[in-house]
Amino acid sequence: MAWPGTSSDEPLTPVGRLLSQPLTNIVIHCIVRLENHVEVDAIKSAVKSSSTVQQPRFCSLLVRDKNGLEHWRKTHIDIDRHVVVINNRLHKAGDENTEEDDDDDEAAVNQYVADLSVSSPLSTDKPLWELHILTAHKCVVFRIDHALGDGVCLRSMLMAICRRKDDADAHPRMLNHKSPVIKGVKGRDLFWLFGALWGLSKAVVFTLLFSVEFVCRSLCVSDEKTAITGGDGVELWPRKLATAKFLLDDINVVKKAVPNSTINDVLLGVVSSGLSRYLDHRTSNALHEGLRMTGVATLNLRTQPGSRVIPIQVNENRLRSRMGNKFGVMLLPNFYHKGGNDPLEYLKRAKAMVDKKKHSLEAYFSYKIQKLAMSLLGQKYAGMLCYKLLCNTTFMISNVAGPLEQITLAGNPVSSIKVNVSSLPQAIIMHMLSYVDKVEMQIQVAKDIIPDLEFVAKCFEDALLEMKEVVLRTNKE
């Protein structure tokens, strides 16, 4: 939709413009399952009265001027235009059972969101977000255009609508990512100087190598074809969603088995093991040991106030600072290994790879490269390069920390929160989000390429349990 420019219009950021292009337009889906019957009016009132919908992006239209440049234009919010209410019970494919069952509920909602993920962009005649209320399934689905903000930003927006279950007046607490800590100079000597120079050298080398690889992947270098490979046009293929479920206690048990490993290391090890298990099941004789399957991960680049737990404040200035997209891309090399190896080897390899990434500025430079491409080539060709990167890699993965305690939406306790995005040219996409004591991984696949998605989810769950069993058995010995 083209509009004449006005002095009050605000131009999109370069990354926002990139995410508004047809090839790279992404809608984020957040599935919130509730414990009790959904009160539609209460949900609408909670959303309408929150500071979230008062933020500039959430009450602005995406418009284009005569030169085709995108801008935000403030408008009036009509909450009824953003809310879609579905009272009828949904059924998963091939199931007409009318009895209520949690597993059937989850499968039906997953299929509903999977259908939305293909060729269902948000209408530009209203601000780019929607709220789908599935009353029969006690579920609310938030649909938010990625141009409004990145995952960390939108997580804050959602939490501003919610409250803690144990304190109806308090907002959820979140765990911020750790920021680099600069230690004092006391006690520094020649050995410290040598270590600092060695660290700087590694940072320069790894940044150069990974940045060159990022550019090559955006142009011509691609993964070998496997049973889980997507490609150009696959984002239009029918999709399917399933959920792999993990306990944080199990992840922490495995994490302690390898010194200095993190939850992200464990999850990446689980993904590596799970994909190898699945490929063993599909085409084990056709694959060579060490075959590479590259993952694409996004990394938040915002400066955050340390690692302490802080409440999310809902004043406009605080939320304004969290708006927009400021993230870089990190390529995660993942390798196929035949079964029979020590399960913890997958974790050790994942940690070694992530440690190299941590010594580089790959995510920061990828962010700058994307902005430079937007400036030099324009949004059309920058979008094509971003799309090519996705076509040349095998999977997308993300992990976001969720609330530390149980929360409520409009006074209704939340039983689970899951997140995923609209379809991409990759045939498999994984998004993980923690909530209290569990982590749920939403796995989205092109079902014509990966027809047995439930088995994929089981491969991931079994991978973690097998790692845990090895750790517990080793501890007993």
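## Helix H8 and its partners

Helix H8 spans residues 263–283, and helix H12 spans residues 453–476. The axes of H8 and H12 come within 8 Å and cross at roughly 125 degrees. That angle makes H8 oblique to H12. The crossing of H8 past H12 is right-handed. This is a predicted model.

H8 also packs with helix H10, which covers residues 344–358. Here the angle is about 125 degrees, and the axes lie 8 Å apart. H8 is therefore oblique to H10. H8 passes H10 in a right-handed crossing. Why give an angle and a distance? Two packed helices are described by the angle between their axes and the distance between the axes.

## Salt bridges across the chain

How many salt bridges does a search of the whole structure find? The search finds 23. One of them joins Arg-57 and Glu-10, with the closest N and O atoms 3.1 Å apart. The pair links distant parts of the chain, 47 residues apart. Arg-57 sits in the loop between helix H2 (40–49) and strand S3 (60–64), while Glu-10 belongs to strand S1 (residues 10–11). Arg-57 has 13% relative accessibility, so Arg-57 counts as buried. Glu-10 has a relative accessible area of 35%, so Glu-10 is partly exposed.

Another salt bridge pairs Glu-106 with Lys-418. The closest N and O atoms of this pair are 3.1 Å apart. Glu-106 lies in helix H4 (residues 102–116), and Lys-418 lies in strand S16 (residues 412–421). Are Glu-106 and Lys-418 buried or exposed? Both are buried.

## A salt-bridge network

Arg-292 and Glu-213 meet through their side chains in a salt bridge, at 2.3 Å from N to O. Arg-292 is in strand S11 (residues 292–300), and Glu-213 is in helix H6 (residues 190–219).

Arg-292 counts as partly exposed because its relative accessibility is 23%. Glu-213 has 18% relative accessibility, so Glu-213 counts as buried. The cut-off explains the two labels: buried means under 20%. Which residues are linked with this pair in a network of salt bridges? The network contains Glu-213, Arg-217, Asp-223 and Arg-292.

## A nonpolar surface patch

Six side chains form a nonpolar patch on the surface: Leu-23, Leu-372, Leu-376, Leu-377, Tyr-381 and Met-384. Together they have about 610 Å² of accessible area.

Take Leu-377 as an example. Leu-377 is found in helix H11, residues 362–391. Its relative accessibility is 46%, so Leu-377 counts as partly exposed.

## A buried histidine in a loop

Where is His-146 found? His-146 belongs to the loop between strand S7 (139–145) and helix H5 (151–159). With 11% relative accessibility, His-146 counts as buried.

The C-alpha atoms of His-146 and Leu-19 are separated by 6.5 Å. Along the chain, His-146 and Leu-19 are 127 residues apart.

How values were computed:
Residues are numbered from 1 along each chain as its sequence is written. This is a predicted model: local features need pLDDT of at least 70, side-chain atom pairs count only at pLDDT 80 or more; totals for chains, interfaces and linings use all residues. Side-chain values use heavy atoms; hydrogens and water are left out. Patches are made of residues with over 30% relative accessible area and no salt bridge: like charges are joined within 9 Å, nonpolar side chains (Val, Leu, Ile, Met, Phe, Trp, Tyr) within 5 Å. Accessible areas come from the Shrake-Rupley method with a 1.4 Å probe; for residues, only the protein chains shown count as cover. A salt bridge is a side-chain nitrogen of Lys or Arg within 4 Å of a carboxyl oxygen of Asp or Glu. Helices (H or I, at least four residues) and strands (E, at least two) are DSSP runs, numbered from the N terminus. Buried means under 20% relative accessible area, exposed over 50%, partly exposed in between (1.4 Å probe, protein chains only). Axes are lines fitted to C-alpha atoms, for helices over the stretch in contact, and angles run from 0 to 180 degrees between N-to-C directions. Angles under 35 degrees count as roughly parallel, over 145 as roughly antiparallel, 65 to 115 as roughly perpendicular and the rest as oblique. A crossing is left-handed if the near helix is turned anticlockwise from the far one by less than a right angle, and right-handed if clockwise.
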